[in-house]
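This briefing describes side-chain packing in the structure shown below.

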Amino acid sequence: MQPKTVRFGHAVMVFTGVFLIIAAGMFYLDHLLQVALFFALLWVGLNARLIGFQYISQREFMNSAIARALPAIYIFLLIGLLIAALMKSGTVAMLIYYGLDWLTPALMLPIGFVLCALMSVITGTSWGTVGTLGVVLMGMAETVGLPLYWVAGSVVSGATFGDKMSPISDTTNLAAMSTDTDLYDHIKSMAMTTGPTFVLVLIVFFVVGWQLPVHDSSLQQVANLQQALAQQFDLNPWITVAPIAALILFSYRRFEPELAMVAAIITATVVAIFWQLQSLPQMAQALWSNQPAETSLESLNQLLGRGGLYSMAWTLLLAILAIAMGGILQRAGFIHGLFSGFIERIKSVGGLVGTTLLSGLMLVASLGEAYIAIILNSQLFKKVYRNRGLDSAVLSRTVEEGVTLMAGLIPWTTAGAFYAATLNIDVLAFAPYALLNLINPLTAIVFAVLGWSIMRTDHSKQS
């Protein structure tokens, strides 16, 4: 049977079914997303079979999608190891101990936002930032009684800003490459919408931070926490900062993210064994599945017991199922059938930018992974932007604002699942407070409608 071309109505039916099944998993099956995604995968596979794709072809679609996502899967596993190693080396404990001396609760949101943005720009990875500095800030916030959803929102906002703007970020380079845009033209274009958004979000975090409730006994809690940390670890900052220094150094020298993380893991393991006097069996157990510490504070015990390869299993299974489903949606033609029919009918620049953003959101939600969504969204809109006389940097910017910014706010994407597992908070709990991720796309639409920051070429063609 020769596969048929997917019609718009069929594509709408398939995507509607996927979202309904996932929604059922979120709200009626007690967040059993893996089970929901399995049935969504069956639904997509059944519809692919109805238009002529045999199972052997569908399996190849799934395999190729997972193969493209392997770098993200490797980072999943390495982050689990890195968090455990940083806990055992005393690095997280040291950062919390000294951070509590100067980072007041009222400044936690804006300073945390800026620090995460800086670290993510330097290292080029939002995941590494969330998995290190984000964990520290969440631990500090829990200690002084700040609402964790606000802190997680500031962490994700800052980390995503750096991932979007850094010249060494994989998504930044991929968006530029997929749209045939010079890397630094792409970054300059993004700065036109992301810069004003960053300032606005920073002001909001300052205002909100001063008004957030803090436990009346927070000062005593801080003192108790610092005492417990000092009893559990040798907190010499010159020694315990070594794993973070290794991560930043390797990232700055433009080593691949996996190699930078491996360097940090090895450094942290050496510090844990020779400075914190962890035995080799204890360290091996922690790297597999870390266990709660044994201090006088239960909240501290849970924090210091996070990480390990096994801790990433929930996230990894979710990601694999989502990516496999995305592979069929892409290769069987459901994505093309959904968008191709009306893209050319869009008249205004504002409508085109808004449609590109919506397309990016739907792609990353259905594919479960940002890399493929960036490539596909670029392919879908490259010709129409060119024919409208719009500079490719406008497209590359809009693709990032629809995919990179939104990926972490969807529970079943690789980014969303990773943030939830790492920060120990549901995506739907922190998503409304990830202000940069939410406001930046709105800024892009407003600017496009007003004609601001819209660069044009001098060789436009009519469609």
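Predicted model: local features only at pLDDT ≥ 70, side-chain atom pairs only at ≥ 80, totals over all residues.

**Aromatic pairs**

- A search of the whole structure identifies 14 aromatic pairs.
- One of these joins Trp 150 and Phe 205; because the ring centres are 6.2 Å apart and the planes stand at 85°, the pair is edge-to-face.
- This pair links distant parts of the chain, with Trp 150 in helix H8 (residues 148-165) and Phe 205 in helix H10 (residues 183-211), 55 residues apart.
- Both Trp 150 and Phe 205 are buried.
- A further pair is formed by Phe 250 and Phe 255, whose ring centres are 4.9 Å apart; with the planes at 40°, the pair is therefore tilted.
- Phe 250 counts as partly exposed because its relative accessibility is 28%, and Phe 255 is likewise partly exposed, at a relative accessible area of 41%.
- Ring pairs also connect Phe 113, Tyr 149, Trp 150, Phe 161, Phe 198, Phe 205 and Tyr 433 into a cluster.

**Thr 197 in helix H10**

- Thr 197 is located in helix H10, and its relative accessibility of 1% means that Thr 197 counts as buried.
- The side chain of Thr 197 reaches the backbone oxygen of Thr 193 at a distance of 2.7 Å.
- Apart from its neighbours within four places in sequence, Thr 197 is in contact with Leu 436, Ile 439, Asn 440 and Thr 443.

**Packing of helices H8 and H9**

- The angle between the axes of two packed helices and the distance between those axes describe their arrangement.
- The axes of H8 and helix H9 (residues 170-178) come within 6 Å of each other and cross at roughly 40°.
- H8 is therefore oblique to H9.
- On the H8 side, the contact is made by Asp 163, Lys 164 and Met 165.
- On the H9 side, Asp 170, Thr 171 and Thr 172 make the contact.

Conventions
Residues numbered from 1 in each chain as written. Heavy atoms only, no water. Phe/Tyr/Trp six-rings, centres within 6.5 Å; stacked < 30°, edge-to-face > 60°. Helix = DSSP H or I, 4+ residues; strand = E, 2+ residues; numbered from the N terminus. Buried < 20%, exposed > 50% of the residue type's maximum accessible area, 1.4 Å probe, protein only. Polar contact = N/O pair within 3.5 Å; in protein donor to acceptor, adjacent residues only side chain to side chain. Contact = heavy atoms within 4.5 Å. Axes fitted to C-alpha atoms, helices over the stretch in contact; angles between N-to-C directions. Parallel < 35°, antiparallel > 145°, perpendicular 65-115°, else oblique.
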